[in-house]
Amino acid sequence: LEFRRVLFRSGFVPLAGHAQSYNCDVNGDGEVDILDVMIVVDKVLNSPANSQRKLKFHVSEEPYTTETGEARQAARRAPEVTTSTLTQFYINLMFDDDGFPDMSDGSMTYITESGYYQNEATWPVNAKQNTPVTVYAYHNNEQSCYLDDDDAPYLRVELEENSSEQSDVLVASETKTWNESKGEIYLKFHHACAAAQFSIKKSAQMAAKGYNVDVNQVVLHNIIKTGDYMLSDFTWKLPEAKANTVTNFTLNAYEDGEKANSITLTTDATLMAKDANDYLFLLPTNIISASGNFGAATAGESYMEIKCKIYDESNNFKVGSADGFGSVYLPFSYDLSGYKGKIKSFVINLGTSIRDISGNKIDL
């Protein structure tokens, strides 16, 4: 009797004129299969709905590569960007439900003692055994998966302006049916951004003139900070450069593992980072340089501002003073369009071509 009550509560409805016949299509998907049985069993056992189809996630990674194609470990500035340190990520499940895309709400995974990841999500209850379901997985600053007007899933990405607070963007997907996967999902994450690393040195000409150069900071002006990463084909949709889509990325100078007030340049390049695995994440876009008056540069014109002191052996200051740093400027451009998942190294050669804010050459 109790089991019969469960059948009724679960959706088993007697057919008219047949006292012992039941509509066994519990989930209303047009078929009577194991999914219907699982729902009834869950009801009888008072267990969570669809608990028989919990998911397990196994992860691997495509690491960043250098310009020569060598693999490199990912960056310290995003401590959860390698699968060895990844503690959590978000997932969304998407499948075709009678011609309409159906995407689940995002949910966060956690790593288990067995080494795989799990969360509270289950295989979609309305997805049949042979219905392909796509798992979209991502590690970003926040849960940010959406559908556009064409029902294509994408991530909304906005990079932090302070490089030390940035987070890398890791993305993966897998499409399987339940019959193919049995709930075992294998995700190979890739890096959606470009990883830039900056070094700085004093030019040989500057050294020959006997100038000392102390650098406090480097700021990249007018760099695209936001974009949509399409999960269906792993491509970027980047906006036009406008006041609300660009930012100034600040690079700090580090010395002996700690932030210093400044670094003194030599003719050998000094890394503007914590260590060799420390990068600035940028969107893979074409950066166009400013020309002429840097103070009048538009949102689509980029340049470097270098806060520094330049003085000779007699402590005559050409830039800055004994008590403070001044700013010099250089145009900055590079096409990073092909650098998704790649590392680009830049060397700033601080020489006699430095300019003031109006674009005038500084007399050295």
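The chain has four helices and 31 strands, taken as DSSP runs numbered from the N terminus (helices H or I, at least four residues; strands E, at least two). The model is predicted: local features need pLDDT of at least 70 and side-chain atom pairs count only at pLDDT 80 or more, while totals for chains, interfaces and linings use all residues. Residues are numbered from 1 along each chain as its sequence is written, and side-chain values use heavy atoms, with hydrogens and water left out.

**Chain as a whole**
- Of the 364 residues, 48% count as buried (under 20% relative accessible area; exposed is over 50%, partly exposed in between; 1.4 Å probe, protein chains only).
- Among contacts (heavy atoms within 4.5 Å) between residues at least 6 apart in sequence, 69% join residues at least 24 apart.

**Glu120**
- Glu120 lies in the loop between β10 (117–118) and β11 (133–139).
- The residue Glu120 is exposed, because its relative accessible area is 64%.
- Beyond its neighbours within four places in sequence, Glu120 is in contact with Lys54 and Tyr110.
- Between Glu120 and Lys54 the separation is 66 residues in sequence and 7.8 Å in space, C-alpha to C-alpha.

**Lys318 and the positive patch**
- Lys318 belongs to strand β28 (residues 317–319).
- With a relative accessible area of 41%, Lys318 is partly exposed.
- Lys318 gathers with Lys209, Arg355 and Lys361 in a surface patch of positive charge (residues with over 30% relative accessible area and no salt bridge, like charges joined within 9 Å).
- A salt bridge is a side-chain nitrogen of Lys or Arg within 4 Å of a carboxyl oxygen of Asp or Glu.

Conventions. Patch = residues over 30% accessible without salt bridge, like charges linked within 9 Å, V, L, I, M, F, W, Y side chains within 5 Å. Areas by Shrake-Rupley, 256 points an atom, 1.4 Å probe, with all protein chains shown as cover. Lys, Arg positive; Asp, Glu negative; His and termini not counted. Charge placed at Lys NZ, Arg CZ, Asp CG, Glu CD.
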